[in-house]
Amino acid sequence: MTDKQLEYEEWVARLLAKNVEMATYECPDCRETIYTQIPDSGQYDSMCVCPFCNELHFKVVESDGTVRIS
Ligand SMILES: [Zn+2]
């Protein structure tokens, strides 16, 4: 496991421990399951790097937990 993966795992564990609502989606490149935070309202979009394969993808998370990747 790389440092980035470890950092990601710790971040997910921290948020889950605080009962923060999380959505999951599949990485478009390596198909690993990635956790992401759900916005309180509206939508949240960002470019992000997969913690598993380092590929870049564009992510949109809706407040209902829907995740769209392109
Ligand atoms: Zn990936």
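Two strands are treated as paired if DSSP finds at least two bridges between them. Helices (H or I, at least four residues) and strands (E, at least two) are DSSP runs, numbered from the N terminus. The structure is a predicted model, in which local features need pLDDT of at least 70 and side-chain atom pairs count only at pLDDT 80 or more, whereas totals for chains, interfaces and linings use all residues. Residue numbers start from 1 along each chain as its sequence is written.

The protein contains 1 helix and 5 strands, and the pattern read along the sequence is α-β-β-β-β-β. Along the principal axes, its C-alpha atoms fill a box of roughly 35 × 30 × 15 Å. The radius of gyration, taken over C-alpha atoms, is compared with a globule rule of 2.2 Å times the number of residues to the power 0.38. For 70 residues, a compact globule would have a value near 11 Å, and the 12 Å of the protein agrees with this. A residue is classed as buried if 20 or more other C-beta atoms lie within 10 Å of its own, as exposed if 12 or fewer do, and as partly exposed in between, with C-beta atoms placed from the backbone. By this criterion, 4% of the 70 residues are buried. Two residues are in contact if their C-beta atoms, placed from the backbone, lie within 7 Å. Of the contacts in the protein with a separation of 6 or more, 27% join residues 24 or more positions apart.

The helix α1 has 15 residues and reaches 21 Å from its first C-alpha to its last. The expected span of a helix is 1.5 Å times one less than its number of residues, and the span of α1 is close to the expected 21 Å. This helix is hardly covered, since the count of buried residues among its 15 residues is 0. Just after α1, Asn19 takes a positive phi of about 60°. Asn19 lies in the loop between α1 (3–17) and β1 (22–26) and is exposed, with 7 other C-beta atoms within 10 Å. A second residue other than glycine, Arg31, also has a positive phi, near 70°. Arg31 belongs to the loop between β1 and β2 (33–37) and counts as exposed, with 10 C-beta neighbours inside 10 Å. Such values are worth noting because most residues other than glycine have a negative phi.

Ile34, in strand β2, counts as buried because 22 C-beta neighbours lie inside 10 Å. Leaving aside residues up to four places away in sequence, Ile34 touches Thr24, Tyr25, Cys27 and Cys50. Ile34 and Ala23 are 11 residues apart along the chain, and their C-alpha atoms are separated by 8.3 Å.

In general, strands of a sheet pair through backbone hydrogen bonds, either parallel or antiparallel. Here, 3 strands form an open sheet in the order β3-β4-β5, with antiparallel pairing. Strands β3 and β5 stand at the edges with a single partner strand each, so one side of each is left without a neighbour in the sheet. Axes are lines fitted to C-alpha atoms, for helices over the stretch in contact, and angles run from 0 to 180 degrees between N-to-C directions. With direction ignored, neighbouring strands of this sheet are turned by 20° against each other on average.

Strand β3 (residues 43–49) pairs with strand β4 (residues 56–62) over 7 bridges in the antiparallel sense, and within this pairing the bridge partner of Cys48 is His57 in β4. The two strands form a hairpin with 6 residues between them, and Asn54 in the turn has a positive phi of about 70°. On its other pairing, β4 meets strand β5 (residues 67–69) over 3 bridges, again in the antiparallel sense, where Lys59 stands opposite Ile69 in β5. A hairpin is also formed by β4 and β5, with 4 residues between them and with Gly65 in the turn at a positive phi of about 95°. The loop between β4 and β5 also holds Thr66, which counts as exposed with 12 C-beta neighbours inside 10 Å. Thr66 and Thr24 are 42 residues apart along the chain, and their C-alpha atoms are separated by 8.9 Å.
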